[in-house]
Amino acid sequence: SLECETSSAGENQTQFLKIKIFPNPAEHYVTIQFWPEIPEEGKLHLLDVTGNILFSKKMSASLNYFEISALQEGLYFIRFQNQAISITKKIVKMNP
């Protein structure tokens, strides 16, 4: 699993937000866990290495999932964004 603190933040309160992404590397799905809970609703984006958004979904809970089975093996990024925060973390997609 990959456990990281925020990579960028808009306000002081966001410096304490942490993200755990697991499993990483992954084959079928990744779980994205925030703690403490996210201060306000936002969006999760799945991006390729060139920054193109492959998939987006609204989220407001502290635990979310991304289905990645259809992706080719390689490096991808997960970005969480709301009005106060933009956090980007990398994930590795492996084939079974």
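**Chatting through a predicted eight-strand chain**

Me: I clicked on Gly51 first. Is it buried, exposed or partly exposed?
Reply: Gly51 is partly exposed, because its relative accessible area is 41%. Buried means under 20%, exposed means over 50%, and partly exposed is in between, using a 1.4 Å probe and protein chains only.

Me: Before I go on, what kind of model is this?
Reply: It's a predicted model, where local features need pLDDT of at least 70, side-chain atom pairs count only at pLDDT 80 or more, and totals for chains, interfaces and linings use all residues. Residues are numbered from 1 along each chain as its sequence is written, and side-chain values use heavy atoms, with hydrogens and water left out.

Me: OK, back to Gly51. Where does it lie?
Reply: Gly51 lies in the loop between strand 4 (42–47) and strand 5 (53–59). Helices (H or I, at least four residues) and strands (E, at least two) are DSSP runs, numbered from the N terminus.

Me: Zooming out, how many helices and strands does the protein chain have?
Reply: The protein chain has zero helices and eight strands, and the pattern along the sequence reads β-β-β-β-β-β-β-β. Of its 96 residues, 34% are buried.

Me: What about contacts between residues 24 or more positions apart?
Reply: Those pairs make up 49% of the protein chain's contacts with a separation of 6 or more. A contact means heavy atoms within 4.5 Å.

Me: Which residues touch the most other members of the largest nonpolar core?
Reply: That core has 21 residues, and Val30, Ile32, Phe34, Leu44, Leu46, Phe66 and Ile78 touch the most other members. Strand 2, strand 3, strand 4, strand 7 and strand 8 (86–93) each give two or more residues to this core. A nonpolar core is a set of buried Ala, Val, Leu, Ile, Met, Phe, Trp, Tyr and Cys residues joined through side-chain atoms within 4.5 Å.

Me: Let's pick Ile32. What does Ile32 touch?
Reply: Leaving out residues up to four places away in sequence, Ile32 touches Ile19, Lys20, Ile21, Leu44, Ser62, Leu63, Asn64, Phe66 and Ile78.

Me: New topic. Which peptide bonds are cis?
Reply: Two to look at are Phe22 to Pro23, with omega near -15°, and Asn24 to Pro25, with omega near 10°. Pro23 is in the loop between strand 2 (18–22) and strand 3 (29–35), and Pro25 lies in the loop between strand 2 and strand 3 too. Most peptide bonds are trans.

Me: Last one: which elements have the lowest and highest mean pLDDT?
Reply: Strand 1 (residues 2–5) has the lowest at 42, and strand 7 (residues 74–81) the highest at 95. Residues 1–13 have pLDDT below 50, and beyond near neighbours in sequence that stretch has 37 contacts in the model. pLDDT is the predictor's confidence in each residue, from 0 to 100. Where it is low, the predicted coordinates should not be read in detail. The protein chain averages a pLDDT of 83, with 81% of the residues scoring at least 70.
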